[in-house]
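Here is a short briefing to read alongside the model. Take a look at the structure first, then follow the points below.

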Amino acid sequence: MALAHNLGFPRIGRDRELKKALEAFWSGKIEQESLLQTGRELRAAHWQLQRDAGLELVPVGDFAWYDQVLTHSLMVGAVPERFGAPESADLDTLFRMARGVSRNGAQTFACEMTKWFDTNYHYLVPEFTRGQAFSLQWTQLFEEVDEAIALGHRVKPVVLGPLSYLWLGKTKGGEFDKLELLEALLPVYVEIFNRLAAQGVEWVQIDEPALVLDLPPDWKAAYESVYNRLQYAPLKKLLTTYFGGLEDNLGLACGLPVDGLHVDLVRAPEQLLAVIDRLPTYKVLSVGVVNGRNIWRCDLNAVLDRLPEAVARWGDRLWVAPSCSLLHCPVDLQREDRLDSELRDWLAFATQKVAEVALLAKALKDPDAPEVRAALAGSDALQRARRTSSRIHDPAVASRLAGIEPENSQRSTPYAERARVQQDRLGLPAWPTTTIGSFPQTREIRASRQAFRLGEIEPEDYTEQMRAEIARVIHEQEALGLDVLVHGEAERNDMVEYFGEQLAGYAFSRFGWVQSYGSRCVKPPIIYGDISRPAPMTVQWARYAQSLTDRPVKGMLTGPVTMLMWSFPREDISRELSARQLALAIRDEVADLQAAGIAIIQIDEPAFREGLPLRLAEQRHYLDWAAEVFRLSASCVEDTTQIHTHMCYSEFNGILDSIADMDADVITIETSRSDMELLEAFSGFAYPNAIGPGVYDIHSPRIPEVAEIVRLLRKAARVVPAERLWVNPDCGLKTRGWPETRAALAAMVEATRLLREDQAHDLLSQSAPKQVAQSAG
């Protein structure tokens, strides 16, 4: 009874071994075989870890060199023409699709990245053309199945389902119905399943997370057609859904001709009763009961209390799993030797979550086993201790929240009026140039921060080193000719962690790394209690930077929604309440920056779209409070203070009214990978404030050409009036090196100079007839 399995395991390694190997390979420090060996070692370690914990099926195919959707595109031969023929695709092809540059320096536009549903993970967007051909090409999945079987594991390969794959892609070269591609795609799936069966595979996990979305009728109908055709492939199929409830798709999912269904009972626990009513008992029911997206220990007794009817009906066809892949969790809590013991006892990372899954399965099989009884008693004591801990609730924070009035979330005058007084103060030229905030973080900067953290240098020495870097960055920007400067953020390890370290209610891990994309890993802070700001966080750095130049220097903050979305949140209060606490903390910092003479304050909200619920019925409530908490953080300023915000790697269709409702004076967005396609959403809406569309992709080492930037900006000017356009990169520059940063920004400034000359020439040409007429008169 109750088989324990997993949907996916983090691939980066306990010590980010994959990240380090990838970056060493890209820089030419190691050869390909060394990279491949690192992958083999990580996979073997992760499979063994899961087996030792008590899992009976281990996932294979959850490992990716950059991104699992990109891997799938190569497997089915969906390689855009600019990267070469699918049959010749190799590891270099994969990395060029992801990064836009090969190891030998060849460059092209990388594939677009965007958020994986409502997570902070980024996937590489598949590109589809009308008449797209598909064929089985990339054999990584089959090689890894052979690896795992040779090591003695019982495997469950993981494959992204055909409809979710098409849903996640974009059409290129003209609009068409992506469902037209099914006829060409499905034979490849049949071939994949036949090949897995020939390798001795019994079960395959088919991920169809699109089933938790509001699907059009033709897509719902396609599910029935597709899985009727795939049912004859000679292996058992577990259809996997996650990130929400099936809701109106529940009957559809339960009726598909597959051998099992996985449902997310963490995000949608209420759906269990409906699944019990609709899913035939001859199928497997996999219940996702351990949270695959957060780091709190599972309330084991609460889970078991929900499952008696499922146990009675399914017996040994009931499977237990995390809610989704553990890709979104850090690897191992055992590495954390600096968290206080009370907080540490409340946490579980991926390794511990696997053990929780195995324990739950064991409890369903033998609830009276001594080790089960002890584990359940310990879980109950820990959950009770967390609920009653005095460190969670702060009466002063609750009192301040209760005192919020509607006018606290409104600027005093409309944007058009503010824009005039801001221009009087700032005196900016047409097409003002700026960057998003961070500049390259060199080895020396990181070493200084680390030494300061370890107490190896005095605070005065650290401050002097950071000031020297700020002065360097200001000088570099002035030399390049940028109009609005930044201090470079040398003192910041991460745009969320830096602020969280200075806020009450936050805690931090040492090794809690989570993959964001490719080799990019983040270490989300942990919100364990009520949040407040004890002291100013950025004022000293912003004030010093502004003292070095006559040009405006932006104060740089991370917004409340992003602080929330990029942290591991509490589960005992709503996201909305945590966001309001964060907004008040950021508001205090905004007020102090203004008092220090900072004329432009940027409050970054790249996660604004990410927090959007997947279901339309739930989105309006979120958008209303998300825009309101942003305004709450920013609306304490005078009209003469300009508020910026930044958003990246998001789709804006459908939420533009809410972005406008944030009422930022300037919004900067990522648009270069989509060739300004994302900006098209702003044209029909007539966005009222200023926009800075990113003109080059900072996630690629590729250096843009001047003509390319001019073309993009002219394209932008057809959508947004030139007088409301800013010029900037797509995102911050901390991951780039100085040589490429200088070259890219120089190209950006030169492109802007050419546009200003064209604009001046056009104005002169328009005024010349008037001057002639006046002379004649």
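The lining of the largest pocket holds 23 charged, 13 nonpolar and 11 polar residues. Here Asp, Glu, Lys and Arg count as charged, Ala, Val, Leu, Ile, Met, Phe, Trp, Tyr, Cys and Pro as nonpolar, and the others, Gly among them, as polar. This is a predicted model, in which local features need pLDDT of at least 70, side-chain atom pairs count only at pLDDT 80 or more, and totals for chains, interfaces and linings use all residues. Residues are numbered from 1 along each chain as its sequence is written, and side-chain values use heavy atoms, with hydrogens and water left out.

**The largest pocket**
- Its volume is about 2000 Å³.
- R16, K19, E23, R446 and W513 are the closest to its centre among the 47 lining residues.

**The nonpolar cores**
- A nonpolar core is a set of buried (under 20% relative accessible area, 1.4 Å probe, protein chains only) Ala, Val, Leu, Ile, Met, Phe, Trp, Tyr and Cys residues joined through side-chain atoms within 4.5 Å.
- The largest one has 137 residues, of which F95, W116, Y165, I192, F193, L196 and L285 touch the most other members.
- Another core lies apart from it, with 103 residues including F439, A583, V710 and V749.
- In soluble globular proteins, nonpolar side chains tend to be buried together.

**A buried lysine**
- Where is K170, buried or exposed? K170 is buried, at a relative accessible area of 13%.

Definitions and conventions: 1 Å grid on protein atoms, 1.4 Å probe; cavity = no way out; pocket = protein on both sides within 12 Å on 5 of 7 lines; lining within 4 Å. Points joined across faces, edges and corners; volume = space filled by probe spheres on them. Buried < 20%, exposed > 50% of the residue type's maximum accessible area, 1.4 Å probe, protein only.
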